[in-house]
Amino acid sequence: MTPVETDVVVVGGGGAGCSTAWHLALRNTRVVLLERGLVGGQASGVNYGGVRQQGRDPAELPISARSREIWQKLKSLIGTEAEYVVSGHLKLARNDEEAKDLERYLEVAAGYGLELRYLPEKELKQEFPWLGPKVVAGSYCATDGAANPRLLAPAIARAARDAGADIRQQAEVVDIAHDGDTFTVATKEAVFRAPVLVNTAGYWGGAIAERFGEPAPISSFSPNMAVTEPIPYFIVPNLGVVGGDIYLRQIDRGNVIFGGGRGFGDPERVRSRPSALRTMESFALALELVPQLKGVEVIRSWTGIDGDMPDHIPVVGPSSTTKGLFHAFGFSGHGFQLGPGIGAIMSELVLDGKTPTPIEPLSIGRFAG
Amino acid sequence: MPKYMNLTRVSGSQRPRLDFELDGARCGALEGDTVLTAAVMRDGYVRRSEFDQGMRAGFCWMGACQDCWVTIEGRGRQRACATVVEQGMRVKRS
Amino acid sequence: MTAAVAIIGAGPAGVRAAEVLVRAGVRPRVFDEGLAAGGRIYQRPPGAFKRSAKELYGLEAAKAERVHNIFAKLEKYLDYRPQTLVWDIAGKTLFTLTGGTAYGTETFEQIIIAPGAVDRVMPLPGWTLPGVTTLGGAQIALKTQGVAIGEKVALVGSGPLLWLLAHQYVQAGAPLAALVDTTSFAAKARASAAMMAGDAATTLKGVYYTATLRLKRIPIHEGAVPVAIRGEERPRELLIKDGKGRDVTIACDAVALGWGLKPETRLADIAGVPFDYDEVQQNWIPVREMSGKTAVQGVYLAGDGARIGGADMAELAGARAAWAVLGERGAFVDEDEVNRLERALKKEAAYRDVLDKLFPFPSEILAGLPEETVLCRCEGVSIAGLKRTCAADAVAMTPLEVNRAKAFTRVGMGRCQGRMCGHTASEILARELKCGVREAGRLRAQPPVKPVPLVPVTTEALT
C-alpha cells in the first residue's frame with residue numbers, strides 16, 4: 001500500500017476530532033480524519049445535548065468560554081446551528097446542602113466571568129412555577145442552552161471536508177507506529193504518514209496514549225437517557241441538579257429529554273444499551289423536578305460510550321512522551337459543549353505550538369508516576 | 001355525519017348503551033366499544049397530530065401505530081384502540 | 001419450583017407453545033398485550049359484544065374456536081398475564097407494564113417470542129387523513145367492533161388479506177367503492193397452478209372470495225398503482241392509475257391500505273437476536289433455526305413475529321419452539337411429533353413462498369410519490385425531508401444507512417418507533433443511494449418496545 005502523506009492525522013471523529021480537522025483545514029493544513037464508524041457515532045452524537053458552562057470544573061471553564069464563542073456563530077460557520085438554543089440552564093438544589101453547593105459555585109463562576117443568578121426558593125418558584133416542592137433553590141445561567149447532538153459532529157465534519165479535510169468514515173485504525181519523526185497510521189484500506197497525530201478517540205483515546213507510554217486511567221461509561229412523547233412546550237431552561245443524578249430539558253417540538261445514571265457499555269465490541277432499571281429510577285427523579293410530567297409516555301431510551309477520567313475532566317494538550325502527538329480525550333461527559341472549542345485549541349497547539357486558552361490543568365502529565 | 005372519519009356501525013347495534021365523558025362533554029357508546037370507536041363514532045377523530053395539526057382517527061386499530069393515544073382519568077395515557085369504554089369514564093383527547 | 005418459561009404473545013403461536021409446555025408439566029408465563037388470548041387474527045370482541053365465531057372469522061371459524069378452546073382449557077395450568085406489554089429484555093429479565101400503568105419485572109430461563117405482525121403499509125398523499133386505516137385495522141374494526149371504516153370504502157394493496165377483507169366487508173353489508181390490487185390478474189393467473197398444488201384449500205378460499213366480489217359487481221382494479229388520497233377532513237376520492245395506465249378517480253369516504261405483513265421484531269432485536277434481510281419477503285427478520293432457536297441462548301421465536309407465515313404456520317411453529325425449549329431443559333422430546341411438525345412447516349413454507357413471490361411489496365411505487373408526502377406519521381417527516389439528507393448539499397454528511405437518516409431527520413423516531421415507516425424509509429434511502437435495501441439497513445430497536453408512562457416507580461420493589 002502506498003502511504004498517503006499528510007500533515008496531520010486525527011484519530012476519532014467525535015465533536016473534538018471533527019472540529020480539530022475543521023480548524024486545521026481552515027488554516028490550509030492537510031489533515032486526514034479517521035473514524036471507525038460514522039462521525040459523531042458515540043458520545044458526541046448520543047449525549048443529552050446540554051450546552052452549558054454552569055457547573056463546569058474551573059479547569060474546563062476557559063475552554064468552555066472559547067467554545068461558546070463558536071457555538072454562537074455556528075450557523076454562519078458551518079451552515080447549521082444544530083438546533084442550538086440559548087434557553088438558559090437552571091441548576092437546582094433539592095435540599096439545603098445542595099443549595100450551599102450552588103452558592104459556593106457562584107464565586108467560582110464569578111472568577112471566570114461567568115454570570116449566574118442565584119434564585120432562592122420563593123423567587124425560583126415565581127419564575128418557574130412548574131418546579132416541584134422538593135426543589136429549594138436554583139442557579140440560573142442565561143447564556144447556556146442546548147442543541148441536537150445528532151447533528152453537530154456530522155455538520156462540523158462536512159465543514160471540515162468543504163475546507164479541504166479528508167474525512168474517512170468506517171476507517172478503523174488497526175496500527176499506529178512512530179519512528180521519531182513520522183507517525184504511520186494504518187486502517188484496513190490505507191496507510192497514512194504524518195508528522196502530527198491528534199488523539200481524539202474518546203474512551204479509546206486512553207489506549208492510544210498508553211501505546212505511547214503515558215497511561216491514562218480512563219474508564220468507560222454510558223450515560224442513560226430517554227425521551228418522551230411531545231407535549232405542549234413549557235420547560236424552557238435546560239435543567240440540572242447538584243450531584244447530577246438527573247438532567248432534563250424540553251425541545252420546542254415538545255419532547256422532554258431526560259437522563260441520569262448509567263446504562264451498559266461494552267467498549268471492546270462497541271456496543272451499549274440503556275438500563276431499564278435506571279430509566280425507571282430517572283422517572284422518580286424527573287418527577288421531583290417537574291411533577292406535571294407524571295403520566296407522559298416515554299418513547300425511547302438510549303446510551304453510548306464515553307470516557308471518564310478519575311477527576312472527571314478531560315486530557316487536553318501535547319503528549320509528555322512523544323513529539324508531534326496531541327491528546328484531547330476522556331471528556332467525562334462534557335465533550336459536547338467543549339468540542340467546537342477543542343478543535344480551535346488543538347489547531348493552535350499543532351500549528352503554533354501554543355494556545356492562548358489555559359489548558360495546563362488538563363495535561364496528561366497529571367497522571368504520571 | 002361527522003366531519004372527519006365516517007365510521008359506520010354495521011352489526012351489533014343492539015348492545016346496552018353507556019355514557020362517558022369526552023373532553024368534558026357527554027358521549028354515548030355501546031357496551032364493548034373501544035374509546036377509539038366511541039370517540040370516532042361521535043366526532044370522527046380521536047386526536048390531533050402535534051406536527052401537521054391534522055386530525056387522526058387511529059390507523060392500525062391494533063396497538064402498533066401509536067396514533068390513538070388519549071388520557072383517561074385514573075389510568076393515565078392509554079391507546080384508545082385498546083381501551084374498552086366504561087360507564088362514567090373520563091377521556092381527554094389532548 | 002422449576003425455572004420459568006416465558007411466552008410473549010397469545011396468538012396461534014403462543015397458544016400452541018403453551019399447550020406443548022403444559023402437557024410436559026411446565027407452567028409457562030404468557031405475556032399478552034391483548035385483553036384475551038387469540039392474538040390479532042383470532043381476536044374477540046370485548047366483553048358484552050357477543051358474536052358467533054362464524055360471524056367473526058368466516059371460513060376460519062373452526063380454527064379460531066380451536067385456538068380459543070385450547071387456551072381456555074390451559075388457562076388454569078399457566079400464568080396468563082393479559083394486557084401486559086414486555087417493554088425491555090436484559091439477559092434473563094423481562095420488564096413489564098400491565099394495564100398501561102403497573103411496572104414489573106420477571107425472570108425466565110427460556111423465552112418464546114411470538115408477538116405477531118403488523119400491516120406493511122406505504123405512504124400515500126393523504127394517508128394521514130381520518131378515515132384511512134391499514135387493512136388489518138379495517139378488519140379489526142369490523143370483527144371486534146362491528147363498524148365499517150366508512151360507507152364507501154376503497155381497499156388498496158395486495159395479498160390474501162386484501163381479498164379476504166373485501167369479502168368480509170361485502171358480507172357485512174358495508175359498501176365497497178373499489179378494490180385496488182397492485183398485483184395484476186395475469187400474475188395471479190400464472191401462479192394459480194402452483195398455489196393449487198401448494199395448498200388447494202387455501203387457494204380455493206381465495207378463488208371463492210374473488211368470485212363473490214365479482215358477482216357483487218365491486219369495481220376491481222388489478223395491476224393498478226395508487227396515486228393519492230384526496231380530501232380535506234377525510235378521504236373524498238382515491239386517485240389511481242389502473243392496469244392499463246389510465247387515470248381513474250374513485251369516489252370514497254374511507255381507504256384501507258396494506259401490502260402483506262411485517263414481523264413485530266423489536267423484542268427479539270433488543271434481546272440481541274441477529275437479523276437478516278429476507279429477499280423473498282422483503283422484510284428484515286430475526287435469524288432463527290426451523291425449531292425457533294436463535295443465537296441467543298434461551299431465546300426462541302415463533303409465528304409471524306419471526307417470519308410471515310400466517311396463522312396455520314404460527315400454530316406449528318409455536319408447538320415446534322416449545323419442543324425445542326423442552327429439549328434445552330432436558331425434558332422428554334417426542335421426536336415423532338417434532339418430525340411431523342417440521343414436515344408440516346416445510347409444506348406451509350413452500351406454499352408461502354409462492355404467495356410471497358406473487359405479492360411482492362411494490363417498492364417502485366415509492367419512487368413516484370410526491371416529495372411532500374408524509375413518510376413518518378408520528379414526526380411528520382416528508383419524503384423530501386429524508387431525501388434532503390441524502391443530497392450532497394445537505395447540512396450533514398450523507399447518511400450511510402437508515403439509522404443515520406433517523407438521527408438526522410427524526411424519521412421513525414416518534415411514538416411508533418418506525419413500525420409504520422421504517423421499511424419504506426429504508427426502501428427510499430436505498431433508491432436514493434442506489435444500493436440494496438440490505439445496505440440501507442434497518443432501524444435498530446430501542447427500549448421501550450412501545451411507549452411506557454413516566455410515573456414514580458419504586459425500583460427496589462421490582463428487583
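Two strands are taken to pair if DSSP finds at least two bridges between them; strands (E, at least two residues) and helices (H or I, at least four) are DSSP runs numbered from the N terminus. In this predicted model, local features need pLDDT of at least 70, side-chain atom pairs count only at pLDDT 80 or more, and totals for chains, interfaces and linings use all residues. Residues are numbered from 1 along each chain as its sequence is written, and side-chain values use heavy atoms, with hydrogens and water left out.

Strand E1 of chain B pairs in the antiparallel sense with strand E10 (residues 147-148) of chain C, over two bridges. Within E10(C), Val147(C) is the bridge partner of Arg9(B).

## The interface of chains B and C

Contact (heavy atoms within 4.5 Å) involves 44 residues from chain B and 48 residues from chain C. The two chains bury about 3,800 Å² between them, 57% of it on carbon and sulfur atoms; buried area is the accessible area (1.4 Å probe) lost on putting two parts together, summed over both.

Three salt bridges (a side-chain nitrogen of Lys or Arg within 4 Å of a carboxyl oxygen of Asp or Glu) are found across this interface. A salt bridge joins the side chains of Lys3(B) and Glu233(C), at 4.0 Å from N to O. On the side of chain B that touches chain C, the elements giving two or more residues are strand E1 (8-9), helix H1 (35-43), strand E5 (55-56) and strand E7 (76-79) of chain B. E7(B) gives the most, with three residues.

## A hairpin in chain C

Strands E5 (residues 93-98) and E6 (residues 102-107) of chain C pair in the antiparallel sense over six bridges. Thr93(C) has Thr107(C) as its bridge partner in E6(C). The two strands form a hairpin with three residues between them, and Gly99(C) in the turn has a positive phi of about 65 degrees.

## Domains 2 and 3 of chain A

An automatic or database domain assignment gives chain A domain 1 (4-66 + 149-218 + 311-367), domain 2 (89-142) and domain 3 (223-303). The C-alpha centres of domains 2 and 3 of chain A lie 21 Å apart. In contact are 16 residues of domain 2 and 17 residues of domain 3, and these domains bury about 1,300 Å² between them, 63% of it on carbon and sulfur atoms.

Two salt bridges are found across this domain interface. The side chains of Asp245(A) and Arg94(A) meet in a salt bridge of 2.8 Å, N to O.

Conventions
Chains lettered and ligands numbered in written order.
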